[in-house]
2 protein chains.
Amino acid sequence: MGTVVTLGGQVGAAKLADGLYRLRGKDLAAIVNTGDDYEHLGLAFSPDLDTVLYTLGGIASASAGWEPEGETRAVQAMLRVLGGPEQPAIGDRSLATSLLRTQGLDDGRRLTEITLDFCRALGVGARILPMADERVRTHVLTDDGAVTFTEYFTELGCEPAVRGFQYAGVEEARLSDEVRDALLAPDLEAVIIGPANPYHAIRPILEVPGMKEMLRKRGAPVVAVTPLVGGKALKGSAGKMMRELGKEPSVRSIAGEYLRLIDGFVIDREDEIFAESVRSLGIAVRPTATVMRTIDDRVSLAQATLDFAAGIRATRVMEAE
Amino acid sequence: MGTVVTLGGQVGAAKLADGLYRLRGKDLAAIVNTGDDYEHLGLAFSPDLDTVLYTLGGIASASAGWEPEGETRAVQAMLRVLGGPEQPAIGDRSLATSLLRTQGLDDGRRLTEITLDFCRALGVGARILPMADERVRTHVLTDDGAVTFTEYFTELGCEPAVRGFQYAGVEEARLSDEVRDALLAPDLEAVIIGPANPYHAIRPILEVPGMKEMLRKRGAPVVAVTPLVGGKALKGSAGKMMRELGKEPSVRSIAGEYLRLIDGFVIDREDEIFAESVRSLGIAVRPTATVMRTIDDRVSLAQATLDFAAGIRATRVMEAE
């Protein structure tokens, strides 16, 4: 068994990363979206990094996977008393992560180093890697102009219709040594794009200059897992955004977003009717159960995805012979 | 009735300030020590300002007056999980105050403005004023060198013998417009030095260039309230420090610290035996009950102190006639 790289952001991708971590331990690297990061009260918040961190660290809330179990709101309550801002709401435990992150950045450390320190403190053997150390911010284009994803999500409640996305700063972002090392590992077995919103969780990662080429550098199969089941996102607003962007909210459209990048696509059994049309794009398809309610679900989906990638590898070898 | 200014830091002085506030409302200004302020995790902590703020705002803990009632430690617990620093320990509600203060300072606002905003948010009609907007830091001189008061208090547990104090930065500190306005009020009736450690709570205030002169500018009586009862500080380490500095831990020594500054000194009835020797320094003395267990105790001591100051004023008028 070789090493595995997964790409993602949001709770679904974090759950799949956890399944992969339970199967592969230190041989997993998770490259995580930082386009939804934001500054609030002078502190650096990285919601996607923290979601993966808490999930792999085994301390994520079962009901709100983006924050630690037992999260409380004492700081936020006192901010209110003192006339401070109400949004974005701060959780106490989550705040500790941001405090240490901010201090590390102020000390001139890279986001990657800080995140790997968190991994060590939480006993996470896998590498959780920001997609880049440079600041990238996803902006949502609406009819009233561009807003940061954080504003769109917290202040606007994902209400305005989405007309497009911009990834501010991504041209200046660089592949970190740690990301390169993970993707250049001689025994890289698969690159797995987690079930997450393609526009603001996955695309920012892919837009880092050199990332798409690097994903394919070792020739390991690139496999995506659908964030949509029956045309709807389990969490988040992928379906809504796709309709507003004039796209059919289906696994076929998601596959289209990853055209010429992925070799295989894991879809839910519920969407099996779309399998042929995705295959017609030159993408292998594996229908399976993709909804992860339990830890076992995470491991099963991770195993199915790894098996699928192994099958693609084997087919290639056969074709080459 | 005119306006009143009180000087202080620590819980005792905050309680007396609360008594004065209950009697005089918006006609009170509390000038507060910032020499014990510190930075931790990139945030600005002002323990003495916050103590007065919470106390006058009616949200101070009954058992730990330097923090809000119902304080919790979720952030600190998570800092521990993530390998962050253990000391100085952070309370969740207290952290909110530091977060907003830090953001205000980063935005270029003065500490005084930020503190007055907190007063408004908490409905505190009195003015709580930092002794200066510039950074002053009290250092404790020990046999092993100088340490900040925060290190002395939190990391060293007040263990090392005290050889002296330095107030770093105080030469560059300035009387703020708000402090000047309070002390130049035409109807200033009394300046009351609260019951607090003379070395690290009161002296830093007095060392701000021009402060001592300004306290006497309007000719209002300057009256101190003892922090020692029966040779011991109710809270804090004033008695210990005095012994280490080669001074008798008594109200006489405290009076000596304020020589040529105060007109009157409020001591506890328990220390009445020292009254004559304090009077021999040319300082009027008023023995009374100085221990503040209840809100009524605060108001009684405040009233007794104001009455004492009024008596000093009346005597002066008689002497002048």
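Mentor: A salt bridge here is a side-chain nitrogen of Lys or Arg within 4 Å of a carboxyl oxygen of Asp or Glu. Side chains of opposite charge can pair when their charged atoms come close. The model is a predicted one, and over all chains the count by this rule comes to 48 salt bridges.

A second pair in chain A is formed by A:Asp263 and A:Arg316, with the closest N and O atoms 3.1 Å apart. This pair also links distant parts of the chain: A:Asp263 sits in the loop between helix 11 (251-257) and strand 13 (264-268) of chain A, while A:Arg316 sits in helix 13 (residues 295-320) of chain A, 53 residues apart. A:Arg316, with a relative accessible area of 28%, is partly exposed.

The side chains of B:Asp117 and B:Arg120 meet in a salt bridge at 2.7 Å, N to O. These two residues are three apart in helix 5 of chain B, so about one helical turn separates B:Asp117 from B:Arg120. B:Asp117 is partly exposed, at a relative accessible area of 29%, whereas B:Arg120 is exposed, at 60%.

Salt bridges may also join into a network. In chain A, the residues A:Arg203, A:Glu207, A:Lys212, A:Lys247 and A:Glu257 are linked in this way.

The secondary structure of chain A comes to 13 helices and 14 strands. Its C-alpha atoms fill a box of roughly 70 × 40 × 40 Å, taken along the principal axes. A compact globule of 321 residues would have a radius of gyration near 20 Å, and the 19 Å of chain A agrees with this. Of the 321 residues of chain A, 58% count as buried. Among contacts in chain A between residues at least 6 apart in sequence, 68% join residues at least 24 apart.

A:Thr115 is found in helix 5 (residues 111-121) of chain A and, at 3% relative accessibility, counts as buried. Apart from its neighbours within four places in sequence, A:Thr115 is in contact with A:Leu49, A:Leu53, A:Ile128 and A:Pro130. A:Gly58, by contrast, lies in the loop between helix 2 (47-56) and helix 3 (74-81) of chain A and counts as exposed, at 60% relative accessibility. A:Gly58 and A:Leu141 are 83 residues apart in sequence and 36 Å apart in space, C-alpha to C-alpha.

In chain B, helix 2 (residues 47-56) is mostly covered, with nine of its 10 residues buried. The buried residues include B:Asp48, B:Leu49 and B:Asp50. Helix 2 of chain B is followed by B:Gly58, whose phi is positive, near 75 degrees.

Finally, there is the contact between the two chains. The contact takes 27 residues from chain B and 27 residues from chain A. The area buried between chain B and chain A is about 2200 Å², and carbon and sulfur atoms give 82% of this area. On the chain B side, B:Met78, B:Leu82 and B:Leu99 lose the most area to chain A, together 28% of what that side buries. How many salt bridges are counted between chain B and chain A? The count is zero, and the rule likewise finds zero residue pairs in polar contact across this interface, with both residues at pLDDT 80 or more. The elements giving two or more residues to the side of chain B that touches chain A are helix 3 (74-81), helix 4 (92-106) and helix 5 (111-121) of chain B. Helix 4 of chain B supplies the largest share, eight residues. By class, this side of chain B has 19 nonpolar, six polar and two charged residues.

Technical notes. Residues numbered from 1 in each chain as written. Chains lettered and ligands numbered in written order. Heavy atoms only, no water. Helix = DSSP H or I, 4+ residues; strand = E, 2+ residues; numbered from the N terminus. Buried < 20%, exposed > 50% of the residue type's maximum accessible area, 1.4 Å probe, protein only. Contact = heavy atoms within 4.5 Å. Buried area = accessible area lost by both parts, 1.4 Å probe. Polar contact = N/O pair within 3.5 Å; in protein donor to acceptor, adjacent residues only side chain to side chain. Nonpolar A, V, L, I, M, F, W, Y, C, P; charged D, E, K, R; others polar. Rg over C-alpha atoms; globule rule 2.2 N^0.38 Å.
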